[in-house]
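I opened my notebook to look up a few things in this structure, one topic at a time. Here is what I wrote down, in the order I looked.

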Amino acid sequence: MSSQAITFHELRTPAAARAEAAQAWPVEKVLELFELPFNELMFRAQQVHRENFDPQEVELATLLSIKTGGCPEDCGYCPQAARYDTGVTAQKLLELETVLEAARAAKAHGATRFCMGAAWRSPKDRDLDHVEAMVRGVKELGLEACATLGMLEEGQAERLAAAGLDYYNHNLDTAPEFYNDIISTRQYEDRLNTLDRVRNAGIKVCCGGIVGMGESRKQRAGLVAQVANLDPYPESVPINHLVQVPGTPLYGQDPLDPLEFVRTIAVARITMPKARVRLSAGRRELGEAVQAMCFQAGANSIFYGDKLLTTGNPDADADMALLQKLGIRVKHTQVDAKMVANG
Ligand code: SAM
Ligand code: DTB
Ligand code: SF4
């Protein structure tokens, strides 16, 4: 990079960087992808997938809710918001040993990433003392550590980075113009600021959203454009299909055409060629055939284990049977890969 480029980079404010990066994938260009004939879209997504990854390999990430329910936010999709009567029982932060036991089990079942989720608006500094210990413990097991704890304040991302956190998950959830229909207790800009903090602390970014919340195709394109225009785009992109939970405002929403979900995966793959695109919540409802199409469209990561945070996920055995049926291998850790290479 020339010295001129470095000076320019250093002078950019996060907002300016975002405006500049917004030109990488204007919403109209992303929408054009969505509107391609299905087979053409799938073909292009598969090309990009093959240029950047082994298409026969998928990553397994296991989730654990380390602090469940009682959340003060009003996210219209979420069973953990205290204000909705969803039957979720609030639980305080889990003990370190309980978390590590779950992480050991995840590793034994073949997961390489362990993601800890907490139903917080944002963590308190004293909460982070505990989460740091969990991150260290998970790393000692040889797993990648990911956390999703809500908005981060100044200095908190640095603390997590120092503990060894590999990824921080914070979703933009939907397009900016649809966002206020879904959440009122935090703004889009707050999310972008947390993502900046994570990136600046040197933690890898996991950021995606939810489809099937009643958004238009243009708004699905708007979500993908926002994520793809983060500079750089996230290393991990979870695409969640809304899990409709009785008691939440979004329960009873008209279901999304499954092919539109597959298109969303394909468009994420094309616009973020090197990202791990994760086929996330909602797999149980999608069924095997649609999941297989999502893998064809470039999804190369799944949440693996019988539970997401509070809702169900396909049984681990059923997932293994599906992957086997499709001839898809599981990604190993780098350590395991070396061991295999050395015989
Ligand atoms: N409280 C933290 C936050 O909101 O950032 C972390 C946990 S929160 C449950 C993580 C993400 O899960 C949300 O941003 C949303 O994208 C996803 N999610 C929550 N409920 C969902 C549902 N019913 N269906 C699909 N995705 C959901
Ligand atoms: C993400 O994008 N999806 C996961 C993870 N990040 C934390 C959460 C899905 C939650 C689905 C609803 C539940 O189980 O409570
Ligand atoms: Fe709280 Fe996160 Fe659920 Fe929103 S998505 S209500 S912040 S747990």
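**Entry 1: D173**

I began with D173, which is buried, with a relative accessible area of 3%. Buried means under 20% relative accessible area, exposed over 50%, and partly exposed in between, with a 1.4 Å probe and protein chains only. Before going on I noted that this is a predicted model, where local features need pLDDT of at least 70, side-chain atom pairs count only at pLDDT 80 or more, and totals for chains, interfaces and linings use all residues. Residues are numbered from 1 along each chain as its sequence is written, chains are lettered from A and ligands numbered from 1 in the order in which they are written, and side-chain values use heavy atoms, with hydrogens and water left out.

Where does D173 lie? I found D173 in the loop between strand 4 (167-169) and helix 8. Helices (H or I, at least four residues) and strands (E, at least two) are DSSP runs, numbered from the N terminus. Phi of D173 is near 70 degrees, a positive value in a residue that is not glycine. I wrote a reminder beside this: most residues other than glycine have a negative phi, and most peptide bonds are trans.

**Entry 2: A cis bond**

That reminder sent me to the peptide bond from D231 to P232, which is cis, with omega near 0 degrees. P232 sits in the loop between helix 10 and strand 7 (236-241).

**Entry 3: Ligand 1**

Which residues are closest to ligand 1? I listed Y77, T148, N171, D173 and V243 as the closest of the 16 residues that surround ligand 1; a residue counts as near if one of its heavy atoms lies within 4 Å.

Next I looked at polar contacts, which are pairs of N or O atoms within 3.5 Å; within protein, one must be able to donate a hydrogen and the other to accept it, and residues adjacent in sequence count only if both atoms are side-chain atoms.
- D173 has a polar side-chain atom 2.7 Å from an oxygen atom of ligand 1.
- N171 has a side-chain N or O atom 2.9 Å from an oxygen atom of ligand 1.
- Y77 has a polar backbone atom 3.0 Å from a nitrogen atom of ligand 1.

Taken alone, ligand 1 exposes 560 Å², and the protein buries 91% of that. These accessible areas come from the Shrake-Rupley method with a 1.4 Å probe; for residues, only the protein chains shown count as cover.

**Entry 4: Salt bridges**

How many salt bridges are there? I noted a count of 23, where a salt bridge is a side-chain nitrogen of Lys or Arg within 4 Å of a carboxyl oxygen of Asp or Glu.

I looked up E59 and R113, whose side chains meet in a salt bridge at 2.8 Å, N to O. E59 lies in strand 1 (residues 57-67) and R113 in strand 2 (residues 113-118), so the pair ties together parts that are 54 residues apart in sequence. E59 is buried, with a relative accessible area of 1%, and R113 is buried, with a relative accessible area of 1%.

Then I turned to E73 and R186, with their closest N and O atoms 2.9 Å apart in a salt bridge. E73 lies in the loop between strand 1 and helix 5 (96-108) and R186 in the loop between helix 8 (176-179) and helix 9 (188-200), so this pair ties together parts that are 113 residues apart in sequence.

I also found E35, E215, R217, R220 and E260 linked in a network of salt bridges.

**Entry 5: R278**

R278 is in strand 8 (residues 276-279), and R278 is buried, with a relative accessible area of 2%. The side chain of R278 makes a polar contact with the side chain of S301 (2.8 Å). R278 also touches residues including E59, R113 and V237, where contact means heavy atoms within 4.5 Å. The C-alpha atoms of R278 and V237 are separated by 5.8 Å, though the two are 41 residues apart along the chain.

**Entry 6: The nonpolar core**

A nonpolar core is a set of buried Ala, Val, Leu, Ile, Met, Phe, Trp, Tyr and Cys residues joined through side-chain atoms within 4.5 Å. In the largest one, of 93 residues, I66, Y77 and L149 touch the most other members. Helix 11 gives the largest share of this core, seven residues.

Technical notes
Lists of a residue's contacts leave out its neighbours within four places in sequence.
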